[in-house]
Amino acid sequence: MFEGKLVRLRALRAEDAEHHLRWRNDPEVVRLAAAGDPCFGPVTAEAVGLGFDTMLRLFPRESAVFTVEDLADGRVIGMADYRDLDPANGVATLGVTIGEREYWGRGHGAEALGLVVDHLFGAYGLNRLELDTWSGNDRAVRAFTRLGFREEGRRRSAVLVAGERYDRVLFGMLREEWAARV
């Protein structure tokens, strides 16, 4: 569907559920992707299946989940999504998770997110994109910043991970900032 130098984003398929199940039961993926949120994992195959039924029926004018494949070998390595697309205000929320640990820190997640950014600003003409992470996820903070997202605020001490408090870090990018980079 969308291709970069490292990754391809394609539509979600039912068989991708097995990858999501593995990632959501990997404690380190859960820690980084969701700050250890127990709603993200661990989960059963049945719970992932129910969630997948919903994700496979998403209406692209509101939200979508893409599968991230490594371009070199076609391996499924993660997911990228957008949600809460508000055409009246021109805003959407993004996310990305690289579930295969050997691909961490190599630029795959940043490129996948960049492809979603290009798609939303290009195809939907949105004015603003936003996302967040927690202050302990240094790789995400660096990737978002490199892509041109700006830190817009923090919810201090809003995330509890393994008994320690972290900030929720909020990022945004405006259409004109994206246009200046392209």
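Which residues of helix α2 (residues 27-34) are buried? The first legend answers this; every view shows a predicted model.

**View 1. Helix α2 and its surroundings.** The buried residues of helix α2 are V29, V30, L32 and A34. These buried residues pack against α1, β5 (91-98), β6 (128-134) and α5 (138-147).

View 2. Just after α2 comes A35, with a positive phi of about 55 degrees.

**View 3. Helix α1 packed with helix α3.** Two packed helices are described by the angle between their axes and the distance between the axes. For α1 (residues 17-24) and α3 (residues 45-56), the angle is about 125 degrees and the axes are 10 Å apart. The two helices are therefore oblique to each other. Their crossing is right-handed. From α1, the contact takes in A17, H20 and L21; from α3, A45, V48, F52 and M55. Of these contact residues, six are nonpolar, one is polar and none is charged.

**View 4. T67 in strand β3.** T67 sits in strand β3 (residues 64-70). Is T67 buried or exposed? Its relative accessibility is 1%, so T67 counts as buried. The T67 side chain makes a polar contact of 2.6 Å with the side chain of D16. Beyond its neighbours within four places in sequence, T67 touches R8, L9, R10, A11, L12, D16, V76 and G78. T97 lies 30 residues from T67 in sequence, and their C-alpha atoms are 9.9 Å apart.

**View 5. E69 and two arginines.** E69 also belongs to strand β3. A relative accessible area of 8% makes E69 buried, because the cut-off for that class is under 20%. Which side chains make polar contacts with the side chain of E69? One is R8, at 2.8 Å. Another is R10, at 2.6 Å. Setting aside neighbours within four places in sequence, the contacts of E69 are L6, V7, R8, R10, G74, R75, V76 and I77.

**View 6. T67 and E69 together.** Both residues lie in strand β3.

Definitions and conventions
Residues numbered from 1 in each chain as written. Predicted model: local features only at pLDDT ≥ 70, side-chain atom pairs only at ≥ 80, totals over all residues. Heavy atoms only, no water. Axes fitted to C-alpha atoms, helices over the stretch in contact; angles between N-to-C directions. Helix = DSSP H or I, 4+ residues; strand = E, 2+ residues; numbered from the N terminus. Parallel < 35°, antiparallel > 145°, perpendicular 65-115°, else oblique. Left-handed = near helix turned anticlockwise from the far one by under 90°. Contact = heavy atoms within 4.5 Å. Nonpolar A, V, L, I, M, F, W, Y, C, P; charged D, E, K, R; others polar. Buried < 20%, exposed > 50% of the residue type's maximum accessible area, 1.4 Å probe, protein only. Polar contact = N/O pair within 3.5 Å; in protein donor to acceptor, adjacent residues only side chain to side chain.
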